[in-house]
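Here is a short report on one protein chain. Keep the sequence and the 3D view open as you read.

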Amino acid sequence: MINAAGEIFLAVFFGNIRMQRYFVYFSYDGTAYHGWQIQPNGNSVQEELQHALSAILRREMEVVGAGRTDAGVHARQMAAHFDLDDENADCKQLAYRLNRILPRDISVDRVEKVDNDLHARFSATKRTYHYYVHTRKDPFLRQYSYQLHWDLDFQKMNEAASHLLTVEDFGAFCKSHSDVKTTLCNVMEARWVQDSDHSWHFVIAANRFLRNMVRAVVGTLVEVGRGRMTIEEFDAVVAGKKRTEAGESMPGNALFLEKVEYGQ
């Protein structure tokens, strides 16, 4: 006896079924998760999404994300793709049913039919992250923003951040012993934005990011803002490409993946 998944496999193998690719755009609060990617000993956003899709479509489903966020990191807009043996799936109904099944900290915005050669990870042209900080105790910011206990010179921090637009190798901000093949990135935007008298957020956009990169960049810029590192020393850290020379990595709870873009 062959189950539904086995029947689909045989049909695809013999060329009887055309698989259609779909994108799902969603957001999540990462507080309760060990990141996006499935982990052997912890719950993940990818696992929750795959479980919900599998339950609705009554077959084992696999989703491929635009990237991976670390434990505790959030996403206002994440994208993932999956393939389905149905060229005319009801995208609105699928999004509705996913939201009925998914936990309250994961929300699907929409599901879209796309070209089969579009890849959630490799086709992305730009990713934007925000890191939130505040400089005064505020009980309503503590869960999604990091409180800084020092006076900071944000003008100098912005001057240092602008230098990131002129370099390509970000090895200084890559997690040690990472398995990445290259540390080259094209950073398109890097700046601090003031939200109120005591709150700011750091905007950084690039074609790709290294593991732990944003939090390491923010931690190093904070060293500049505190006066513990000059702009010249910041440039030397970037040029040296050694993670041990950069600042400490900031906590994940204040980091948000804001948007993933795919050009046209």
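## Basis of the report

This is a predicted model, in which local features need pLDDT of at least 70, side-chain atom pairs count only at pLDDT 80 or more, and totals for chains, interfaces and linings use all residues. Residues are numbered from 1 along each chain as its sequence is written, and side-chain values use heavy atoms, with hydrogens and water left out.

## Overall layout

The protein has six helices and nine strands. Helices (H or I, at least four residues) and strands (E, at least two) are DSSP runs, numbered from the N terminus. Along the principal axes, the C-alpha atoms fill a box of roughly 70 × 40 × 35 Å.

The protein has 264 residues, and 48% of them count as buried. Buried means under 20% relative accessible area, exposed means over 50%, and partly exposed lies in between (1.4 Å probe, protein chains only). A contact means heavy atoms within 4.5 Å. Of the contacts with a separation of 6 or more, 72% join residues 24 or more positions apart.

## Nonpolar core

The largest nonpolar core holds 80 residues. Such a core is a set of buried Ala, Val, Leu, Ile, Met, Phe, Trp, Tyr and Cys residues joined through side-chain atoms within 4.5 Å. Phe26, Phe82, Leu98, Val111, Phe173 and Phe202 have the most contacts inside this core. Helix 5 gives the core its largest share, eight residues.

Ile56 lies in helix 2 and is buried, with a relative accessible area of 7%. Leaving aside neighbours within four places, Ile56 is in contact with Leu94, Arg97, Leu98 and Ile101. Ile56 and Ala75 are 19 residues apart in sequence, and their C-alpha atoms are 24 Å apart in space.

## Largest pocket

The largest pocket contains about 900 Å³ of space. The search uses a 1 Å grid over the protein atoms alone; a pocket is an open set of points where a 1.4 Å probe fits, with protein on both sides within 12 Å along at least five of seven lines, and lining residues have an atom within 4 Å of a point. Grid points are joined across faces, edges and corners, and the volume is the space filled by probe spheres set on the points.

The lining has 34 residues, and Ala66, Gly67, Arg68, Arg121 and Phe209 lie nearest the pocket centre. Strand 2 (64-65), strand 5 (126-134), helix 5 (213-225) and strand 9 (255-261) each supply at least two lining residues. By class, the lining has 17 nonpolar, eight polar and nine charged residues. Here Ala, Val, Leu, Ile, Met, Phe, Trp, Tyr, Cys and Pro count as nonpolar, Asp, Glu, Lys and Arg as charged, and the others, Gly among them, as polar.

## Polar contacts of side chains

A polar contact is a pair of N or O atoms within 3.5 Å; within protein, one must be able to donate a hydrogen and the other to accept it, and residues adjacent in sequence count only if both atoms are side-chain atoms. Gln20 is in strand 1 (residues 20-28). Gln20 counts as buried because its relative accessibility is 5%. A polar atom of its side chain lies 2.7 Å from the backbone oxygen of Val114. Gln77, in strand 3 (residues 74-84), is buried at 19%. The Gln77 side chain reaches the backbone nitrogen of Val260 at 2.7 Å.

Tyr144 sits in the loop between strand 5 and strand 6 (146-147). Tyr144 counts as partly exposed because its relative accessibility is 30%. Its side chain makes a polar contact with the side chain of Asp29 (2.4 Å). The C-alpha atoms of Tyr144 and Gly252 are 9.0 Å apart, although 108 residues separate them along the chain.

## Positive phi

Most residues other than glycine have a negative phi. Arg58 has a phi near 60°, a positive value. Arg58 lies in the loop between helix 2 (45-57) and strand 2, and is exposed at 74%. Lys241 also has a phi near 60°. Lys241 is in the loop between helix 6 (231-240) and strand 9, and is partly exposed at 46%.
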